[in-house]
Structure formats: C-alpha cells, structure tokens
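Have the model open while you read, and take the points in order.

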Amino acid sequence: MWYYLILINSLGFALMGIDKRRAMVHEWRISEKKLFLTAAFGGSLGCWLGMYVFRHKTKHWYFVCGIPVIFVLQIVLVSLIIGKS
C-alpha cells in the first residue's frame, strides 16, 4: 500500500510539472480529467504539492478547491477504515 501511495503521489507531482512545462512551450497538454483522476486514485497530495511548487493550475478555482477536498476526503476515508479495524 505504501509503495502505491508513493508511486501515485510522485506521478501526480510529476504530471503537474510536465503539464506546466508543456503549457509554457505551447505543446500538447495533459488533460484536466487525467490530473483529477490521478488525485482521485490516491495522488491528491502529490498533485496539491505540484500545484504550488510549479505554480500550475492555481488560478483555477476547481483545482484550488477540488484537489484539497479530494485529499481531505481520502484522509477521512482512511481514518474510518482504520477506525473499524
């Protein structure tokens, strides 16, 4: 489980950096859907960090609000699962 979380969060962080670079040089972009799916599948912390490290998608309210909401929901879900064990 820890390896998966490290991998998916590294991927989320990297995708934000890659998309920012591509935006700067007017190349093909990574879809917002793919960025949100990466966050939803456990990479929310990596995406959130990548947003601010690369200053990418920080003017889009749905990223500024959506990615942290996904992260908090994931923390709550894990807490509930651990609490039942």
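1. Where in α2 is the kink centred, and about how many degrees is it? Look at glycine 43: the kink in α2 is centred there and comes to about 130 degrees. Bear in mind as you go that this is a predicted model.

2. The end-to-end span of α2 is worth a look next. This helix covers residues 32–53, 22 residues in total, yet its end C-alpha atoms sit only 18 Å apart. A straight helix at 1.5 Å a residue would reach 32 Å.

3. Now step back to the whole chain. You'll count three helices and zero strands, in the order α-α-α along the sequence. The C-alpha atoms take up a box of roughly 50 × 25 × 20 Å along the principal axes. Of the 85 residues, 32% are buried. Among contacts with a separation of 6 or more, 64% are between residues 24 or more positions apart.

4. Back to α2, this time for what it hides. Its buried residues include Leu35, Thr38, Ala39 and Cys47, along with several glycines: Gly42, Gly43, Gly46 and Gly50. Ser44 and Met51 are buried in α2 too. The cover over the buried residues of this helix includes α1 (2–24) and α3 (61–84).

5. Aspartate 19, in helix α1, deserves a click. Is aspartate 19 buried or exposed? It counts as buried because its relative accessible area is 0%, where the cut-off for buried is under 20%. The side chain of aspartate 19 makes a polar contact of 2.6 Å with the side chain of histidine 56. Setting aside neighbours within four places in sequence, aspartate 19 touches Arg29, Ile30, Leu35, His56 and Lys57. Leu35 also turns up among the buried residues of α2.

6. Last stop, the largest pocket. Its volume is about 520 Å³. Lining this pocket are 15 residues, and the closest to its centre are Met1, Leu5, Gly42, Gln74 and Val78. The elements that each give two or more residues to the lining are α1, α2 and α3. Which helix gives the largest share of the lining? That would be α3, with seven residues. Gly42, one of the residues closest to the pocket centre, is also on the list of buried residues in α2.

Note on methods. Residues numbered from 1 in each chain as written. Predicted model: local features only at pLDDT ≥ 70, side-chain atom pairs only at ≥ 80, totals over all residues. Heavy atoms only, no water. Helix = DSSP H or I, 4+ residues; strand = E, 2+ residues; numbered from the N terminus. Expected span 1.5 Å × (residues − 1). Bend = angle between axes of the 7 residues up to and from the residue. Buried < 20%, exposed > 50% of the residue type's maximum accessible area, 1.4 Å probe, protein only. Contact = heavy atoms within 4.5 Å. Polar contact = N/O pair within 3.5 Å; in protein donor to acceptor, adjacent residues only side chain to side chain. 1 Å grid on protein atoms, 1.4 Å probe; cavity = no way out; pocket = protein on both sides within 12 Å on 5 of 7 lines; lining within 4 Å. Points joined across faces, edges and corners; volume = space filled by probe spheres on them.
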